[in-house]
Amino acid sequence: MRRIIATVFILSACIASRAQSQSFKLGQWMEIQSSVMGNLSKYYVDSIPVDRMYKAGIEKMLENLDPYTVYVPESEQDDFEMMISNSYGGIGAIIYKPSRDMNVIINEPYENSPAARAGLRCGDEILSIDGMSPVGLEVGEASSRMKGKPGTDVVFKVKKVRTGEICEVRITREKIHLPNVEYYGMLPDGTTGYIYQTGFTAGTADEVRNAVIELKKQGMTKLVLDLRGNGGGSMDEAIKEVGLFVPKGTLVVTTKGSVGEDMKYVTKDEPEDVSLPLMVMVDSGSASASEIVSGAVQDLDRGTIAGKRTFGKGLVQKILPVAYNGQLKVTTAKYYTPSGRCVQARDYSHRAEDGSVGNIPDSLTREFKTASGRTVRDGGGITPDIIVESDTYNRVTYAAVLGGLTANWPVEFVKTHDSIAPVADFHLSDEDYDAFVEWAAGQTFDNRSESETYLDLLVKQLKKDGEYEPVSAQLEEVEKLVKMDKKSALLRSRDQIRPILEEEIAVRYYFQKAGPQIRLRTDEQLKTALASFTVLP
């Protein structure tokens, strides 16, 4: 007994000593920083940009931890609120500027938003915001002028897209909340319900519950919950969402942190349906709360997970206030699924000498068991029960999307089309696609095919090695075969780009819910997963 007591005493003393040492070092570095800044402000040849230096210093300091621990100054609170709550004060519209020296264009008003109710539509040109021209502003600066406290007014001078009429439009700003359930409906088989969910901010679980109730009224006998590309959000909402499909009191997640005891989180509300066959779609963009939901569904054998392995974010953040109305989003714990596994894929506590962070190798992951005894692993996200590769696109298609061609041309389309067919019947004609090609050919984008980029790399390397001349004639012949002008490249990619344009156009007329409906037509990953959708015992 004395030996045990002595051991406990020694351990307690070591821990206390370590804490004192850490506190001393913290105080020491704070004094050094204050001393350095004091000397700089007194002796440096020019004025010191204090705000910029301190902000950069804090950001650099936090880089040594993980990418989710961040400082948010008061000046960035609006953007931070949008990130954590999917809400902001404004008129409810997506805008763009073709260039800095041009006016603002309304690209996409949100359904039932102040902008939509005021009659703003895609293609309308904003000539002034509260009497000030947007010419010379970056798009972010123009957006900031349009945002503001709910209840306040903003006055626009607008040139209407089709008539060219110039009018004044006064809009009262509101709190704009973007729903996390962007779309729900029945799939073509008439029995499978489908919910497309984009985030996990406050109220998400209620959105999903309402969708489930409505789909059951429409004859749903099994459900697909699509979390592909869903980067997560509130852990509480994830727990509530799992609670829709499992008995009240079911363990969903456990957290373990450096402060306080381990916390176990169970469902607290009555479920909506504990027997409805469920399939959750995930991919490499599914992270955080998406992994809590998919991990719990898998561990509890409540449903089937399909798609590709998830991102692997097993860290929990808490938002803490700091001086001068700033906030610190800090990682406080790791979370563990019901079987006891942590899905965190990157080990930020052990960095290489150059500061880089690597993924946990599969060889170091451990096995865990689901409720029915199936084997699952930790350390690398959630591996689906049904692995289905994502749809792939060629290089020209990616260039068209990333270059803004597919997002901006619909504004041109709207100018000459007052309406389109209902979403289910809308298809872009060959003539309209040809019009897109003509317009896009005058835009700047990288139209090289993947073959051409490899050829360019080969030529560059041969020239570097002094070996180009002997094979130059042959390479020039190959270049003639693979090189395409912009029009040819876009025409060859018609089958991939046309559905993307159809989606972008549909949301301009029928708002955001139209996008997923168009995507479902060509979603081969989902179709393949549905073919293997089985009800777990």
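**Helix H17 and the six-stranded sheet**

I started with helix H17 (residues 524-531), which lies across E10, E11, strand E14 (278-282), E15 and E20. H17 runs at about 145° to E14. Contact here means heavy atoms within 4.5 Å. For angles I used axes, lines fitted to C-alpha atoms (for helices over the stretch in contact), with values from 0 to 180 degrees between N-to-C directions. Helices (H or I, at least four residues) and strands (E, at least two) are DSSP runs, numbered from the N terminus.

I noted that the model is predicted: local features need pLDDT of at least 70, side-chain atom pairs count only at pLDDT 80 or more, and totals for chains, interfaces and linings use all residues. Residues are numbered from 1 along each chain as its sequence is written, and side-chain values use heavy atoms, with hydrogens and water left out.

Next I looked up the sheet itself. Six strands form an open sheet in the order E9-E10-E11-E14-E15-E20, with mixed pairing. Two strands pair if DSSP finds at least two bridges between them. Strand E9 (181-186) and strand E20 (386-387) are at the edges; each has a single partner strand, so one side of each has no neighbour in the sheet. I checked E20 against strand E15 (residues 304-307): the two pair in the parallel sense over two bridges. Ala-306 has Ile-386 in E20 as its bridge partner. H6 also packs on this sheet, touching E9, strand E10 (192-197) and strand E11 (222-226). The direction of H6 makes about 160° with that of E10.

**Helices H6 and H7**

I then followed helix H6 (residues 204-217) to helix H7 (residues 235-242). They pack at an angle of about 25°, with their axes 8 Å apart. That makes H6 roughly parallel to H7; the cut-offs are under 35 degrees for roughly parallel, over 145 for roughly antiparallel, 65 to 115 for roughly perpendicular, and oblique for the rest. Which residues meet between H6 and H7? I found Thr-204, Ala-205 and Val-208 in H6 meeting Glu-237, Lys-240 and Glu-241 in H7. The residues of this contact divide into two nonpolar, one polar and three charged. Ala, Val, Leu, Ile, Met, Phe, Trp, Tyr, Cys and Pro count as nonpolar, Asp, Glu, Lys and Arg as charged, and the others, Gly among them, as polar.

**The five-stranded sheet**

Five strands form an open sheet in the order E3-E4-E5-E6-E7, with antiparallel pairing. The edge strands are E3 (93-96) and E7 (166-172). Neighbouring strands are turned by 40° against each other on average, direction ignored. I counted four bridges between E3 and strand E4 (residues 104-109). Ile-95 has Ile-106 in E4 as its bridge partner. Helix H10 (residues 405-416) touches E3 and E4, at about 95° to the direction of E4. Helix H5 (residues 139-146) lies across E3, E4, strand E5 (125-129) and strand E6 (153-159).

Val-158 stands opposite Cys-167 in E7. E6 and E7 form a hairpin with six residues between them. I noted Gly-164 in the turn, with a positive phi of about 80°.

**Pro-338**

Last, I looked up Pro-338, in the loop between strand E17 (326-336) and strand E18 (367-369). Pro-338 is partly exposed, with a relative accessible area of 22%. Buried means under 20%, exposed over 50%, partly exposed in between (1.4 Å probe, protein chains only). Not counting residues up to four places away in sequence, Pro-338 touches Leu-251, Val-252, Gly-295, Ala-296, Asp-299 and Leu-300.
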